[in-house]
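Welcome, and get your viewer ready.

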Amino acid sequence: MQREIIETTLGGRDTFALLPTGGGKSLCFQLPALMGEGLTLVVSPLIALMKDQVSQLEAAGVEATFLNSSLGVKETKARLADLHQGRYRLLYAAPERLMLDHWKENLLAWNVTRIAIDEAHCISEWGHDFRPEYRRIASLRGLLPDIPVMALTATATERVRKDIIHHLQLKDPAVFVASFNRPNLSYRVIAKDQPIRQIVEFVRKRPMDGGIVYCATRATADRVAESLSERGFPAVPYHAGLTNSERAQNQELFIRDETRIVCATIAFGMGINKPNVRWVIHHDLPKNIEGYYQETGRGGRDGLPADCLLLFSAGDAAKQTHFIDEITNDHEQRVAREQLRLMLHYAECPSCRRRELLEYFAESYTEPNCNSCDNCLQPRESYNATTQAQKLLSCVYRVRQGGRFGVGMNHLIEILTGADTEKIRRWGHDQLSTYGIGKELARSEWGAIGRELMRSGLLEQEAGQFPVIALTDAGLEALKSRRVISLTKPMASKKTTAPRAGEIECDETLFDRLRKLRKRLADERGVPAYVILGDNALRQMAREYPLRVSDLQGVGGIGERKLAEFGEVFTREIAAYLETYPKVDFRD
């Protein structure tokens with residue numbers, strides 16, 4: 001949808017664009033900035049992302065800059081002076097900076113002709129990363145009433161989309177919603193069992209690839225980074241507990257391929273526009289699907305395959321439930337509880353994970369098998385769970401019999417396992433016929449069965465302040481008819497390998513040699529490696545063996561400027577390689 005979005009904003013109309021992570025949002029405002037006159041103002045909440053995008057634009061010959069708290073007074077004054085002289089085509093700025101008094105005069109003086117608001121979901125309380133300062137951006141509409149505004153985001157449900165349009169005061173906007181499907185990503189969930197060992201096994205199989213490990217806490221991020229480094233896999237932490245300089249240094253190490261692995265907290269957005277992240281691991285269960293989708297979406301932004309692995313533990317869910325119970329605002333607590341329920345549903349579902357993700361965002365996926373998630377590649381077995389299901393369904397029925405109040409899943413499991421708690425004694429649940437009839441299974445096993453019965457439509461969680469479990473009509477029928485109930489076996493800590501479909505087949509030895517050349521060129525210029533050329537371009541060269549600069553004109557990602565600057569050095573490297581190694585024929 002890039003062309004349609006660009007043509008709409010060039011026509012002067014307000015625009016709302018929802019493109020998935022890696023879907024090319026930046027081009028939608030960068031290209032119009034070069035085609036039109038004046039200055040394009042880009043509002044972004046992430047300092048790291050501003051710096052990254054400006055570096056890439058400068059490498060492509062585009063006059064762009066950013067203003068944020070990372071700059072000193074001298075550098076800020078120099079950039080302000082250049083803005084007054086009309087030097088730049090794009091200016092990246094944080095929302096809070098735009099609200100400073102003197103900025104009103106600046107914005108009027110700089111001939112701003114277009115405004116782009118990135119990460120627009122931050123304006124909505126229903127978004128997964130609400131930021132109050134974003135609400136004040138709407139005042140720009142009064143200051144610059146005739147300038148087209150573009151709002152962009154990667155994750156937003158229908159409710160959040162409407163909220164964004166309302167709070168930004170977009171005028172009759174053209175709305176573009178692209179597919180959320182990222183076909184180059186593979187999805188896998190395994191039972192968490194000695195997570196450091198599991199991560200090491202995963203990384204060891206990918207000696208050439210870099211990736212991100214997301215952790216729930218700063219302490220975990222530090223511990224995982226240290227553990228991986230001790231085992232010979234250099235890794236750095238990235239979270240809000242580090243100083244600005246430490247974060248900046250670790251980010252540079254990662255984006256310049258000085259270190260392969262960064263361990264980041266889920267709560268702290270990295271904002272790193274690194275295209276060649278080949279894998280993303282979640283050490284802990286994310287709080288919601290939006291966050292999970294955005295974090296996995298940082299893999300494979302160059303269109304090449306990337307692997308997404310979630311280490312799932314019911315204990316992680318229990319920890320999050322405990323934190324949710326401590327939320328004092330009833331509305332926030334209900335929202336958090338529902339988000340966690342949907343995240344658990346995804347983690348434990350036996351069906352296609354791609355379909356589950358897309359359906360969350362109200363998009364249908366009609367393919368019977370995606371061939372790139374664990375459940376499609378190795379479907380989990382079913383088993384006859386009639387006895388266990390009858391026990392749990394009967395327990396729910398007995399608790400609610402006679403008009404008694406309902407209870408949550410944890411309390412039901414305590415009844416089944418014969419727990420001796422104050423609540424069970426006070427409510428007389430130790431007198432129920434189902435008390436203690438499930439001692440043969442662990443509480444975690446009963447929890448998995450309970451969630452599976454909810455997915456099967458036999459149990460439901462009632463709406464209200466408390467997560468009360470009730471029988472559905474289908475559950476009551478199953479209980480009375482005593483029909484056979486089949487459930488999916490819980491995931492085991494088994495090894496599954498997803499194929500990396502879509503990767504450009506090439507001469508891997510030459511590809512590695514070209515990567516090292518790219519790294520050397522990047523270090524000489526003080527930029528990340530992917531600013532020189534992307535992995536796609538290197539793989540295409542390692543497949544086609546171009547020996548003349550003119551042969552590179554059909555290689556994706558190499559424009560006139562890069563052709564002139566790097567064409568000769570890469571073709572010379574390929575020629576030197578062929579003096580020792582023969583060509584490989586990749587034709588079918």
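This is a predicted model: local features need pLDDT of at least 70, side-chain atom pairs count only at pLDDT 80 or more; totals for chains, interfaces and linings use all residues.

To centre your view, select Thr321, Gly408, Met409, Asn410 and Pro467, the closest to the pocket's centre among the 38 residues that line it.

Next, colour the elements that give two or more residues to this lining: α13 (314-325), α14 (330-348), α18 (409-416), α20 (443-455) and β15 (459-461). Which of them gives the most to the lining? Pick α13, which supplies 8 residues.

**Stop two: a sheet**

Now move to the open sheet, where 7 strands pair in parallel in the order β3-β4-β2-β5-β6-β1-β7. Select β3 (64-67) and β7 (174-177) to see the edges: each has a single partner strand, so one side of each has no neighbour in the sheet. Look along the sheet and you can follow its twist, which averages 15° from one strand to the next.

Zoom in on β1 (residues 15-18) and β6 (residues 149-153), a parallel pair joined over 4 bridges. Within this pair, select Ala17 and you will find Leu152 of β6 opposite.

**Last stop: a helix across the strands**

Finally, show helix α2 (residues 25-35), which lies across β2 (39-43), β4 (90-93), β5 (112-117) and β6. Keep β6 in view as you turn the model: helix α2 runs at about 155° to that strand.

Notes. Residues are numbered from 1 along each chain as its sequence is written. Side-chain values use heavy atoms; hydrogens and water are left out. Two strands pair if DSSP finds at least two bridges between them. Axes are lines fitted to C-alpha atoms, for helices over the stretch in contact, and angles run from 0 to 180 degrees between N-to-C directions. Contact means heavy atoms within 4.5 Å. On a 1 Å grid over the protein atoms alone, a cavity is a set of points where a 1.4 Å probe fits but cannot get out, and a pocket is an open set with protein on both sides within 12 Å along at least five of seven lines; lining residues have an atom within 4 Å of a point.
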